[in-house]
Amino acid sequence: MSRRRFSFIRSIIPENALNFSRRTRFVRESMIERIYPPRIILPMKQHYGQEAVPIVEVGDTVMIGQCIGAPVPGTFSAPVHSGISGTVTEIKTITLPNGVVTKAVVIESDRKRTNHPSIHPRTNINIDAKTVMGIVKNAGIVGMGGEGIPTIYKINRARKYKVNEVLVNCLQSEPYATCDLYRLCETPEYVVMGAVAMAGVIGATKIRFLISESRKMECDFLKNAIETIKAEHPQFQYEVVLFKDRFPQGHFRLVARALYSIELKQNDTLENKCSAVLFNCSTCNSVWEAIHDGMPSVNRVVTIAGDTTSSHNVLVPFGTPIKDVLSKMSPVFSSCRVVWGNALTGLSCTDMDTPMIKTTSAITMIKMIESPKTPCIHCGMCYDACPVDITPNICYNLIENGFDNKAELENAMKCIACGACSYVCPAGINLTGIIAGFVAKNKATTTNENKNLITYSKEDIDVTDVSLLEEYAEVGSNSDDEYKDDESIELPFEGGRFI
Ligand code: SF4
Ligand code: SF4
C-alpha cells in the first residue's frame with residue numbers, strides 16, 4: 001500500500017471545521033438491525049433516468065426479490081424489485097423530496113418474508129462477462145453513493161473507453177455517515193469481489209480502493225479481504241489508497257484532481273480522461289449480492305444519525321417509510337429537522353411517509369436552530385470551502401439578481417451541491433440551495449433526462465422477460481446495444497443526489 005496520502009487544496013478540513021471524526025467514529029455493532037416494515041411505498045424512479053413501469057396490479061401477491069417495476073427496453077432506466085413479501089394494495093403517484101414525481105407501488109407485508117423462487121445462491125460463479133452484465137442490469141443496481149446512475153451504464157462506458165482502473169469509493173466523508181464504512185467492516189469480501197467482477201467485465205487490470213486515512217479499522221478489514229481474495233484473482237493489481245480527511249471527497253472531479261492531477265472540464269469524464277471508472281463501495285457490495293446470492297437490489301444499509309441520536313446503521317428494504325425507520329430508534333425529538341440523506345447534501349423532509357430509495361444513505365436529525373441571518377460580510381469562507389473553485393457569494397448574488405449568463409461565466413454550473421459553502425457561511429446565507437437549484441434548473445433543460453419524459457404503460461413491456469433474475473441474465477446479454485453512451489449525461493455527485 002502506498003504511503004502517499006491524496007487530496008486537493010480546497011474544501012473543509014474536518015479538524016478545523018466540523019470535527020467529523022469524533023462524531024462519526026464507527027462503533028462496531030455485533031449484528032446489523034434489519035427493519036421489516038409493515039408496508040413499503042416503492043417508487044418506480046429511484047435512479048437517474050426514465051422511471052420504471054409497474055408490472056403488478058392491485059391485489060397481486062409479491063415476494064422478496066420479485067420485479068415490481070420494469071424499464072421499457074431501450075430507455076435509460078433500471079428495474080425495481082420488492083424487498084418484502086405481501087400484497088399490492090395501491091399504485092399511486094408520489095413526490096420525493098428531490099422533486100421527482102413518480103409512480104409508487106404500495107405493498108402491505110404478509111410478515112412471512114418469502115423469497116421469490118428465482119432467488120438462490122449461484123453455485124457456479126465462473127460466469128462470462130455478458131452474463132455478469134445481464135445480472136447487474138437486471139438486478140436494478142444503481143450508484144448507491146447518491147448518483148443513482150444505472151451501474152450497467154457506467155460499465156458500458158468504461159468498456160467503451162477500455163479503462164484500465166476500477167476505483168472503489170470508500171471515501172464516506174459527510175458528518176455522521178457510516179453506512180459504507182459499515183459495509184467495509186461487515187462484508188468487505190463482498191465489496192472486493194463486486195469490484196473484481198466489474199474489473200473483469202470492463203477489462204481493467206488495476207483495482208484501487210479509496211479511503212480516508214483516519215478509517216484505520218475499515219482499512220484493515222479491506223486489506224484482509226484483499227489478501228484473502230487476491231490468490232484466486234491474481235490477474236488484478238490491488239491497492240488501498242489513503243486520502244486526507246476532508247469533505248467533500250467522492251465526486252469524480254475531485255478524485256480526478258487528487259489522484260491524477262487532472263482538472264476535468266464540463267463534458268470530461270474519468271473514463272475518457274483518466275482511464276478509470278468510479279464505483280461506490282455499497283454498489284460493489286450489491287453487485288456481488290446479485291452475482292453470488294442471486295438477490296437483486298432490494299435493500300441497503302442506511303445510517304440513522306444526527307445531533308440528538310447516537311449513530312446507528314440499519315438494513316432497510318427500499319420503499320420503507322421514514323417513520324418506520326425512526327420508530328426503531330431512540331426517542332426522536334420533535335425539535336429535530338429530519339433530513340432525507342446526509343447532513344450536508346440531504347434534503348429536509350416533513351412527510352414521514354417518504355420512502356428510502358436506492359440512493360438514500362442516511363436519515364439525519366438536525367436540531368432546529370435558526371442561525372441569525374445577516375447580509376454577506378465578505379469573509380471569503382465560502383470561497384475557501386468550495387472544492388470546485390467557484391466563488392459562491394458572487395454566484396449567489398448574480399443568480400438572485402437574474403444575471404444568469406454572468407453566473408455561468410462565474411462557473412456556477414460547476415457546483416456539485418456539496419453544501420460546504422452554506423455550512424461555513426457565518427451570515428447563514430442559503431448559498432447551496434440557490435446555486436445548486438440554478439444548476440439543476442439549467443441541466444433539466446439541456447440533458448436527455450427531460451427529453452425522455454414519456455409515459456409508458458405495462459403494455460409496452462414484455463413481462464415474461466422481466467420476472468425472474470435468471471431470465472434477466474439471458475436478456476441482458478445484449479446490454480451493450482441497449483445502453484448507447486451519451487456524452488451529454490453529466491453524472492451527478494457521487495455522495496450527493498440525483499436530480
Ligand atoms: S455547494 Fe456548490 S458552490 Fe457551494 S461549496 Fe459546494 S460546490 Fe461550491
Ligand atoms: S461565507 Fe457567507 S458571509 Fe462569507 S463571503 Fe461567503 S456568503 Fe459572504
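Student: Which residue is the bridge partner of A305 in β18?

Tutor: Let's start with the strands of this predicted model. Strand β14 covers residues 299-306 and strand β18 covers residues 362-367, and four bridges join the two, which run parallel. Within β18, A305 is bridged to T364.

Student: And which residue in β18 is the bridge partner of V338?

Tutor: Here we turn to strand β16, residues 336-340. Five bridges join β16 to β18, and this pair runs antiparallel. The bridge partner of V338 in β18 is M365.

Student: Which residue in β9 does V88 stand opposite?

Tutor: Strand β8 takes in residues 86-95, and strand β9 takes in residues 101-109. They pair in the antiparallel sense over nine bridges. In β9, the residue opposite V88 is I107.

Student: Now the ligands, please! Which element supplies the largest share of the shell around ligand 1?

Tutor: Ligand 1 is surrounded by 17 residues, and the closest are C386, C415, C418, C421 and T432. Two elements, α14 (420-424) and α15 (431-446), each supply at least two residues of this shell. The largest share is four residues, and it comes from α15.

Student: How many residues of the shell around ligand 1 are nonpolar?

Tutor: Sorting the shell around ligand 1 by class, we find no charged residues and two polar ones. The nonpolar count is 15.

Student: Which elements give two or more residues to the shell around ligand 2?

Tutor: Around ligand 2 there are 15 residues, of which C376, C379, C382, N393 and C425 come nearest. The elements giving two or more residues to this shell are α11 (381-385) and α12 (392-400).

Student: How does the shell around ligand 2 divide by class?

Tutor: Let's go through the classes in turn. No residue of the shell around ligand 2 is charged, and three are polar. The nonpolar residues number 12.

Key:
Residues are numbered from 1 along each chain as its sequence is written. Chains are lettered from A and ligands numbered from 1 in the order in which they are written. This is a predicted model: local features need pLDDT of at least 70, side-chain atom pairs count only at pLDDT 80 or more; totals for chains, interfaces and linings use all residues. A residue is near a molecule or strand if its C-beta atom, placed from the backbone, lies within 6 Å of it. Ala, Val, Leu, Ile, Met, Phe, Trp, Tyr, Cys and Pro count as nonpolar, Asp, Glu, Lys and Arg as charged, and the others, Gly among them, as polar. Two strands pair if DSSP finds at least two bridges between them.
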